[in-house]
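Hello,

Please find the structure below. My notes on chain B follow it.

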Amino acid sequence: MVHFPKSFLGAFPLYIGVEIALGITIFNKCSGFYGILGLITGHDLDLMQWLLYVVSIIAVIVYSLALTQVYKPQLLMYSLTVVVFTIDTALTCFFTLWFSGQWFSAKHHEMTDPSSQTHQSGSPESKYARGENLASQSASQTAEFFFTMLVTLLALSWRFYFNFIILAFVQRLFRHPKYMVDLNDVEQDLKNKSQLAKCWYKSECICYKWCKHYLA
Amino acid sequence: MSRLFRKLFLSQRPAGSRLADLETSLDPSLSMRKLRNYQFTIADLCHYGFLGSVLLFVFIINPAGWLAKIALYLVFAALFLIPATSQFFFNALPIFTWLALYFTSSSFSAAHRPPITVQVLPAIETILYGDNLSDILAASLNKPLDFFAWVPYGLFHFGAPFVVAIILFLCGPPTILRGYAFAFGYMNLLGVISQNLFPAAPPWYKILYGLTPANYSMKGSPGGLRRIDEYLGINLYSDGFSNSAVIFGALPSLHSGCATMEALFFSYVFPKLTPLFIFYVCWLWWSTMYLTHHYFVDLMAGSVLSYAIFQYTKYYHLPLPETSVYSRWTYVEIKKFSLWFADPLNADDSDVENIFVPTILENDFEMNSMEDSEPPSIFDNNRSVSRSSATSNTSLEAQDELVTSSRTNKKE
């Protein structure tokens, strides 16, 4: 049995954590739009980048809808949100590993290729030196690596914490009598809706059943 | 002009309401009396203790002459003591603290500054966002895009805070301006502290020097704004950014932080225009990367900092705006966000619906003289009845507490 947090940062109600988690995640997921905007400048995307950016844009839509109803949540919407957020967390871990490999490979190329900007520009120290010990003013390779890893791991840790907060919030919604859902009513309402709306509601219902099974 | 102003802002003003009036007294004894009677909370001590420490640090470190520094601090002390000026200047203390630290930052000795990182930001941008987004968005340049990027980054950014402050003051609920000054000042202050503690090279550095180590004897660069200087035949941005107070202050982007803060406050007061404000933030994000001033991760850091501070301010300081009320003089009461009432998990089906709930009246108005006067209760009661559905999930015990606290406030 997993014990989810009962409050946000040990002091605030869970819905505040959900509001902050969704807001921060929406900001970060906007990268999907800018990644795809890069196509206009003639930049090609590989398969993993396409996948990351498309997932980001879908996530922005789902999280934005959830954020608008954080004070008056609907259980179906939040079931979908928590499932998307959890899958997104798993994908984020995978993408972090994948793109870490990409960066360190690109960095190795930048540092060793004689035609790279790093080698072409020469040392800026020689251009601006004023007789001080300038080497100590720049971070060592070890420090650069340490801070890169530290920030990446901190970002992932927060991501996991936010995921637990949203899971805890949805679990509490399931256990609250006010938010009980009758799926038959929802299906009745779907008859005159568009295909997209039916698809959306079906996704919500599937997520609701999963959440009910694992969280309620 | 004054007729138009009256029609737009004063036509709905409740008779006898002084809620939105400003303090006009020049008597410092009023401020002294208020200070003597003020009950300091732990939050107040943290707030003033923190700002006071930064101001003391600036006072000692700033290379200006001691007499000039003492004179400047005395001028501000006088502005804080005179009630008519204090209502604006004292509430803007976080903003002045930020400006003081920012303009002192250029005088920090290189020996005391932390080492500059060059690789961390591009690395994190690739690892977390899949590519060097700032790099690829600056890959294709042309003149119309240069101007399109310049408008939010080089123009709006510097004027927007004032425009937003004026509009919030006129159209938002009374006391929202002090919340804006608090949030805007703290966001910038924490941003400048972070820029000094974690110096990192912006994208223009990588374009010029690749990943070679940086040092503090280097000049800054205007990045893409150099092209604007060339188009306009001026040296404004080249001079400004070359001698910036925080040359390696890429993290966080305060351009992004300011735009986000402005958009959040405007969305708070004008929720129907939220898409417009989102567009502005996205536009500024793009222009910041296009002009090679920040990595995407810097933009996120600025926006997240703004969002976190705005949320805190909303929960604990901001007055609640009323939908379809666009003049500070139309408000008859000031209500604040209630963490308990807003909690969807606190709602209970057994609560009585549509029951009369007394209004939480805020006694800390813009005017000192309001402290001893009774608010126009005839409007309070009417409005409270009509708004009872908003708090329909209130338990009777909580309402009793509210009645008590409201009465206590009135007695004070």
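**Surface patch**

In this predicted model, M32(B), L35(B), Y38(B), F40(B), L45(B), Y48(B), L81(B) and F90(B) make a nonpolar surface patch with about 720 Å² of accessible area together. Patch residues have over 30% relative accessible area and no salt bridge, and nonpolar side chains (Val, Leu, Ile, Met, Phe, Trp, Tyr) are joined within 5 Å. A salt bridge is a Lys or Arg side-chain nitrogen within 4 Å of an Asp or Glu carboxyl oxygen. Areas are Shrake-Rupley values with a 1.4 Å probe. Helices α2 (28-37) and α3 (42-61) of chain B each give two or more residues to the patch. L35(B) lies in α2 of chain B.

**Helix crossing**

The axes (lines fitted to C-alpha atoms over the stretch in contact) of α9 (residues 143-171) and α12 (residues 225-232) of chain B come within 10 Å and cross at roughly 105°. The two are therefore roughly perpendicular (65 to 115 degrees). K143(B), D146(B), F147(B), W150(B) and Y153(B) of α9(B) meet L225(B), R227(B), I228(B), Y231(B) and L232(B) of α12(B). Contact means heavy atoms within 4.5 Å.

**Chain B overall**

Chain B has 19 helices and zero strands, assigned as DSSP runs (H or I, at least four residues; E, at least two). Of its 412 residues, 54% are buried.

**Conventions**

Residues are numbered from 1 along each chain, and chains are lettered from A in the order written. Local features need pLDDT of at least 70, side-chain atom pairs 80 or more, and side-chain values use heavy atoms.

Best wishes

Notes:
Buried < 20%, exposed > 50% of the residue type's maximum accessible area, 1.4 Å probe, protein only. Patch = residues over 30% accessible without salt bridge, like charges linked within 9 Å, V, L, I, M, F, W, Y side chains within 5 Å. Axes fitted to C-alpha atoms, helices over the stretch in contact; angles between N-to-C directions. Parallel < 35°, antiparallel > 145°, perpendicular 65-115°, else oblique.
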